[in-house]
Amino acid sequence: MRISLSQRRVLWAYGFLTVSLIFFITIRWYPTLLAINISFRDWNVLKGAGPWVGLENYRTFFSSAQLAYNVAALQNTFVFAFAVTVFQNLIALLIAVLLNQRLKGRNFARAVVFLPTILGVTVIGLIFSLIFNPSAGPAAQLWSMFGASSAFFGDPSLAMTLVILVQVWSGIGVAVVIYLAGLQAIPQELYEVADIDGATGGQKLRHVTIPLLAPSVTANTLLCIIGALQSYQLIYVLTGPSNPATQVLSLAIFTQGFGGPQGGAVQSQGYAAAIAVVQFIIVAIISLATLAYLRRRETAL
């Protein structure tokens with residue numbers, strides 16, 4: 001039986017889809033299912049696969065001994081994610097609108113804005129650690145001109161604010177690129193019609209730009225929320241693994257699984273996996289709720 005050209009194309013397509021599906025399940029879902037399995041065990045890197053303990057790790061997470069530590073980590077996580085999402089999107093939108101104009105040197109300005117994105121977390125952490133060095137950094141010298149001093153990242157009242165600012169600075173390049181792509185997809189005829197109708201710059205932004213930019217806002221908001229809720233690397237580099245002022249849930253997972261005991265609990269990969277599952281549920285709920293809300297707003301606009 002001869003196979004026609006169209007049938008061979010279909011078989012090739014299904015073959016590639018099958019390989020892609022196997023790769024996706026192996027790389028993406030197998031580690032997730034393994035982490036869930038580990039969360040139900042007394043797993044330790046020194047002892048290996050421990051016995052099945054059921055919900056014991058989850059009871060530890062919600063126990064009175066861990067409650068204060070975990071609630072503080074959750075609060076810091078939500079504050080960090082909310083602040084980064086709001087400020088990064090607002091600043092990125094303003095920069096994108098500015099760089100979308102016909103300005104001299106705008107290509108160079110775009111490159112400068114995107115530059116922090118290509119720097120690694122360690123490099124960014126080193127740069128800002130030197131800037132905010134409490135003994136000899138530029139920020140300390142500027143502070144001293146006003147007769148004041150600060151520990152900056154070591155100051156509990158200032159550490160989270162500085163970490164948020166650094167996170168916004170490091171991630172703003174991608175957000176600007178997404179907004180620029182959305183702005184350049186808006187037909188210029190709409191702005192010309194708005195000019196004929198006598199619309200001001202603010203009215204064009206409110207009634208033309210923002211409604212047509214809604215898909216870009218949705219994409220940026222979701223990327224920012226998901227990234228911020230799971231972020232810990234920059235916090236780890238800037239403030240260390242055990243600063244209560246900047247302790248977030250992702251950092252608790254890392255330090256509990258690899259960096260030693262935190263919050264009074266003995267180091268255990270099983271307990272760290274349980275925290276990761278809790279975080280996964282929180283991120284999924286917030287992301288899906290945000291997506292549903294933003295999709296409705298897109299339709300309303």
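Is Thr246 buried or exposed? At 0% relative accessibility, Thr246 counts as buried, where buried means under 20% relative accessible area, exposed means over 50%, and partly exposed lies in between (1.4 Å probe, protein chains only). The structure is a predicted model, in which local features need pLDDT of at least 70 and side-chain atom pairs count only at pLDDT 80 or more, while totals for chains, interfaces and linings use all residues. Residues are numbered from 1 along each chain as its sequence is written, and side-chain values use heavy atoms, with hydrogens and water left out.

Thr246 has its place in the loop between helix 11 and helix 12; helices are DSSP runs (H or I, at least four residues), numbered from the N terminus. Leaving aside residues up to four places away in sequence, Thr246 touches Asn76, Ala159, Met160, Val163, Ile235, Thr239 and Leu251. Contact here means heavy atoms within 4.5 Å.

The interior comes next. In soluble globular proteins, nonpolar side chains tend to be buried together. A nonpolar core is a set of buried Ala, Val, Leu, Ile, Met, Phe, Trp, Tyr and Cys residues joined through side-chain atoms within 4.5 Å. The largest nonpolar core has 42 residues, of which Phe80, Phe153 and Val176 touch the most other members. At least two residues of this core come from each of helix 3 (64-99), helix 5 (121-131), helix 6 (138-144), helix 7 (159-184), helix 10 and helix 11 (233-239). Helix 7 gives the most, with 12 residues. Phe80 itself touches Met160, Val163, Ile164, Gln167, Ala228, Ser231 and Ile235, not counting residues up to four places away in sequence. There is also a second, separate core of 11 residues, which includes Phe61, Ala73, Leu249 and Ile275.

An α-helix has 3.6 residues a turn, so residues three or four places apart point the same way. In helix 5, the residues Ile124, Gly125 and Phe128 are buried. Because they cover an arc of only 100° around the axis, they lie on the same side of helix 5; the arc is that of the directions from the helix axis to the C-beta atoms. On the face turned away from this buried side are the exposed residues Thr122, Leu126 and Leu130. Helix 7 and helix 11 are among the elements that cover the buried residues of helix 5.

Two loop residues may be considered together with these helices. Gly137 is found in the loop between helix 5 and helix 6. With a relative accessible area of 1%, Gly137 is buried, and Gly137 touches Leu130 and Ile131 when residues up to four places away in sequence are not counted. Phe152 has its place in the loop between helix 6 and helix 7 and is buried, with a relative accessible area of 1%. Phe152 has a positive phi of about 55° although it is not a glycine.

Rolling a probe the size of a water molecule over the atoms shows where empty space is left. On a 1 Å grid over the protein atoms alone, using a 1.4 Å probe, a pocket is an open set of points with protein on both sides within 12 Å along at least five of seven lines, and lining residues have an atom within 4 Å of a point. The largest pocket has a volume of about 1000 Å³, a volume being the space filled by probe spheres set on the points, which are joined across faces, edges and corners.

This largest pocket is lined by 32 residues, of which Thr32, Gln230, Ala276, Gln279 and Phe280 lie nearest its centre. Helix 1 (5-39), helix 10, helix 12 (249-259) and helix 13 (269-300) each supply at least two residues of the lining, and the largest share, 12 residues, comes from helix 13. The lining divides into 23 nonpolar, eight polar and one charged residue. In this grouping, Ala, Val, Leu, Ile, Met, Phe, Trp, Tyr, Cys and Pro count as nonpolar, Asp, Glu, Lys and Arg as charged, and the others, Gly among them, as polar.

Thr221 is in helix 10 (residues 214-230) and counts as buried at 12% relative accessibility. Gln233, in helix 11, is partly exposed, with a relative accessible area of 39%. Arg296, in helix 13, is exposed, with a relative accessible area of 56%.
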